[in-house]
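Please keep the sequence and the three-dimensional view at hand while reading.

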Amino acid sequence: MPHDHHDHDHDHDDFHHHGMSPSGHPYRADNDEPLSYWQVMEIAVRELLIEKGHVTPAEIAAQIEAMDARSPANGAAVVARAWTDPAFKQRLLADASAASAEMGFDIGGLRLIAVENTGDVHNVIVCTLCSCYPRNLLGLPPDWYKTRAYRSRTVREPRKVLAEFGLDLPDTTQVRVHDSTADMRYIVLPARPAGTEGMSEEDLAALVTRDSMIGTGLPKTP
Amino acid sequence: MSEKTPFDGRRWHDMGGQDAGPVTPDEHDFALWEKRVDALQVLMSTKGHFTVDGLRRALEDMGEDAYEKYSYYERWVAAVNQNLIEAGLYTLEELGQRMDEVRARGDTYGEAASE
């Protein structure tokens, strides 16, 4: 059997990517992969910081736990509240950091700006310089958000980029692209889908996808 | 865009508006070592040992080659490390010696990460 793949030098690279995680994404190679230079550096840095008393293993574990707990569900809860509570929506559009904090989502020192999609306007966010992202509300950015293709082209030909995500907007829709910085980040407040009148905040939140808050998608419809 | 064009005042990381291929919507879950790099970045900058600007300076100074060659968290661990050394939290010698010790523990992350 091993000979089946003798002419594919890179097959071993794929070995660790066969399984899918519970979230539906491939696992990234980790503990069973030959040790890399950068992994060695991570271990060494972490151990030196712990030994010298700059950080504790418990702090690192808690930080990872907090990071894992942040998911697009946080952002979806904020969006669903804005859809059902006009006063909250006003506060969100005026100061998204403060409005998010109101719901228990700490944004830290960043300025977070919510941009609203309407019948005529569609917003999309990007970070052309690096990978700035509303991670406190959406979790860590997806790989494609950090690619050269997305960073370069979204500000120049957003309609084409959105079409590559399967989002074809009519010419009558104005597209606004927001370029984030380390200190100032955006989140899209998608338009509430038609046919959702009378739905609970919780049911509405289930319609709000991550990509609808980046602007590369729309909320689901019931 | 690897093709050389006349200098337009941009550095390599300033990618907005450049030509590039199609967006392929790849994603993956992060490995433990990557999450640890992220956690160290957040914790050590929150404690005031460096700023996000310091992190970005180190990332941008690595150049385009590093961007193409290394993964996101590979570049991040290098940038975090550089800032911590600059902040005087440990020395290059200590780092080198510890990396040798880590390597000697085994051939996988699992083996090397547990003393």
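The largest pocket is lined by 38 residues, and R135(A), R185(A), Q41(B), V42(B) and V52(B) lie nearest its centre. The model is a predicted one, in which local features need pLDDT of at least 70, side-chain atom pairs count only at pLDDT 80 or more, and totals for chains, interfaces and linings use all residues. Residues are numbered from 1 along each chain as its sequence is written, chains are lettered from A and ligands numbered from 1 in the order in which they are written, and side-chain values use heavy atoms, with hydrogens and water left out.

**The largest pocket**

- The space in the largest pocket amounts to about 880 Å³.
- On a 1 Å grid over the protein atoms alone, a pocket is an open set of points with protein on both sides within 12 Å along at least five of seven lines, while a cavity is a set of points where a 1.4 Å probe fits but cannot get out; lining residues have an atom within 4 Å of a point.
- Grid points are joined across faces, edges and corners, and a volume is the space filled by probe spheres set on the points.
- At least two lining residues each come from α3 and α7 (135-138) of chain A and from α1 (32-46), α2 (52-61) and α4 (72-86) of chain B; helices are DSSP runs (H or I, at least four residues) numbered from the N terminus.
- With five residues, α2(B) supplies the largest share of this lining.
- The lining has 18 nonpolar, 10 polar and 10 charged residues; Ala, Val, Leu, Ile, Met, Phe, Trp, Tyr, Cys and Pro count as nonpolar, Asp, Glu, Lys and Arg as charged, and the others, Gly among them, as polar.

**The cavity**

- The structure holds one cavity of 30 Å³ or more, and the largest cavity has a volume of about 40 Å³.
- Among the residues lining the largest cavity are Y133(A), P134(A), R135(A) and R185(A).
- The largest share of the cavity lining, three residues, belongs to α7(A).

**The interface of chain A and chain B**

- Chain A brings 60 residues to the contact and chain B 66 residues, contact being heavy atoms within 4.5 Å.
- About 6,100 Å² is buried between the two chains, and carbon and sulfur atoms give 60% of that area; buried area is the accessible area (1.4 Å probe) that two parts lose on being put together, summed over both.

**Salt bridges**

- Over all chains there are 25 salt bridges, each a side-chain nitrogen of Lys or Arg within 4 Å of a carboxyl oxygen of Asp or Glu.
- One of them links K47(B) and E59(A), with the closest N and O atoms 2.9 Å apart.
- Because K47(B) lies in the loop between α1 and α2 of chain B and E59(A) in helix α3 of chain A, this pair joins two chains.
- Between chain A and chain B the count is 11 salt bridges.
- R210(A) and E27(B) also form a salt bridge through their side chains (2.7 Å, N to O).
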